[in-house]
Amino acid sequence: MASSLACRCVNSFPQFRNRLFTTTSLPKPNAVVFLKHIACSSIAAAETLTSDAVVVSGDGKYGRKEIISITPRLYDYLLDNVREPQILRELREETSTMRGSQMQVSPDQAQLLAMLVQILGAEKCIEVGVYTGYSSLAVALVLPESGRLVACERDGKALEVAKRYYEQAGVLHKVDVRHGLAADALKLMIQNGEGCSYDFAFVDADKRNYQEYFELLLQLVRVGGIIVIDNVLWHGKVANPLVNDAKTVSIRNFNQGIMEDERVSISMVPIGDGITICRKN
Ligand SMILES: C[S@@+](CC[C@H](N)C(=O)[O-])C[C@H]1O[C@@H](n2cnc3c(N)ncnc32)[C@H](O)[C@@H]1O
């Protein structure tokens, strides 16, 4: 059984042929065990080779360059390789029972945001759209003691959860919570003369106001600073011309505008629901 399975795999995938040949010299019981092993690993390999874990662009001009496509198994593997601090895990688990929990950034995204903040050596940060605080806590945790994060959120109930976790994590003193409309908070900061003084900003709020947040944040962030925009791939809908609801159109237009905007260098990254990292030039 095992050997016929292995043979089928090997016939389908010639690259395993050499491995099968080595088993013919083994004593029989070992050979069967080894063949079973080969059969299993060949099946796994075959699964991978036949899975949709790699894709090529549908546009011929990019040739046959293969890139990775996240499958559930691969995403689980990726998550297994995220170093999620215990306090973030607890917040994520508590939030998972709440309405809107799908809005939270993923652990791999939060880890990337924290790393960008660390690479920048950021001291002054802004978040637009805090919810229960997962991404803002990830940032606050890596800020130096002298660092500050302005956290803008209109939902008072969600903010209560966020503040409880900032306190538990010992970073409450680093977070300046602004309860209310984010655009109002950003305009006030500009009026207060805080322009060009921030190192890092993360936008993860109402999609239809992305352009306004971006313009305000461009005034607040210094040259060389970074603005990260979440949900730029919008569950893949941005790439489907048949989807034209207000949010999708708004994100699509925003992406097109950023593409042509020479005030920033950009990198669109397919992590979570897609982010664009913009560096102010
Ligand atoms: C996608 S969630 C943020 C998730 C958060 N970054 C996290 O990782 O947990 C978007 C949040 O933006 C808030 N929001 C939406 N429009 C807003 C506005 N105009 N001003 C302030 N907050 C807003 C919502 O209340 C919601 O909590």
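The legends below describe close-up views of a predicted model.

**View 1. The chain as a whole.**
The secondary structure of this chain comes to eleven helices and nine strands. The chain has 281 residues, of which 34% count as buried. Among contacts with a separation of 6 or more, 67% are between residues 24 or more positions apart.

**View 2. An open sheet of seven strands.**
The strands of this open sheet follow the order S5-S4-S3-S6-S7-S9-S8, and the pairing is mixed. At the edges are strand S5 (175-179) and strand S8 (264-269), each of which pairs on one side only. From one strand to the next, the twist averages 15°. Strands of a sheet pair through backbone hydrogen bonds, and they do so either parallel or antiparallel.

Strand S8 is joined to strand S9 (residues 275-280) by six bridges. S8 and S9 run antiparallel.

**View 3. Strands S3 and S4 with helix H7.**
S3 and S4 are paired in the parallel sense, with five bridges between them. Opposite Val-128 stands Cys-152 in S4. Together with helix H7 (residues 134-142), S3 and S4 make a β-α-β unit that is right-handed. S4 is mostly covered, as five of its six residues are buried.

**View 4. Strands S4 and S5 with helix H8.**
S4 and S5 run parallel and are joined by five bridges. Val-150 has Asp-176 in S5 as its bridge partner. The chain passes from S4 through H8 to S5 in a right-handed β-α-β crossover. Helix H8 (residues 156-169) lies across S5 and strand S4 (148-153). The angle at which H8 runs to S5 is about 170°.

**View 5. Helix H10 and what covers it.**
Which residues of helix H10 (residues 210-220) are buried? They are Tyr-210, Tyr-213, Phe-214, Leu-216, Leu-217 and Leu-220.

**View 6. Ala-239 in a loop.**
Ala-239 is found in the loop between S7 and H11. Is Ala-239 buried or exposed, given its C-beta neighbours inside 10 Å? Ala-239 counts as exposed because it has 11 such neighbours, and a residue with 12 or fewer falls in that class. Between the C-alpha atoms of Ala-239 and Asn-192 the separation is 40 Å. Along the chain, Ala-239 and Asn-192 are 47 residues apart.

Definitions and conventions: Residues are numbered from 1 along each chain as its sequence is written. This is a predicted model: local features need pLDDT of at least 70, side-chain atom pairs count only at pLDDT 80 or more; totals for chains, interfaces and linings use all residues. Two strands pair if DSSP finds at least two bridges between them. Helices (H or I, at least four residues) and strands (E, at least two) are DSSP runs, numbered from the N terminus. Axes are lines fitted to C-alpha atoms, for helices over the stretch in contact, and angles run from 0 to 180 degrees between N-to-C directions. Two residues are in contact if their C-beta atoms, placed from the backbone, lie within 7 Å. A residue is buried if 20 or more other C-beta atoms lie within 10 Å of its own, exposed if 12 or fewer, and partly exposed in between; C-beta atoms are placed from the backbone. A crossover is right-handed if, with the strands pointing away from the viewer, the path from the first strand over the helix to the second runs clockwise.
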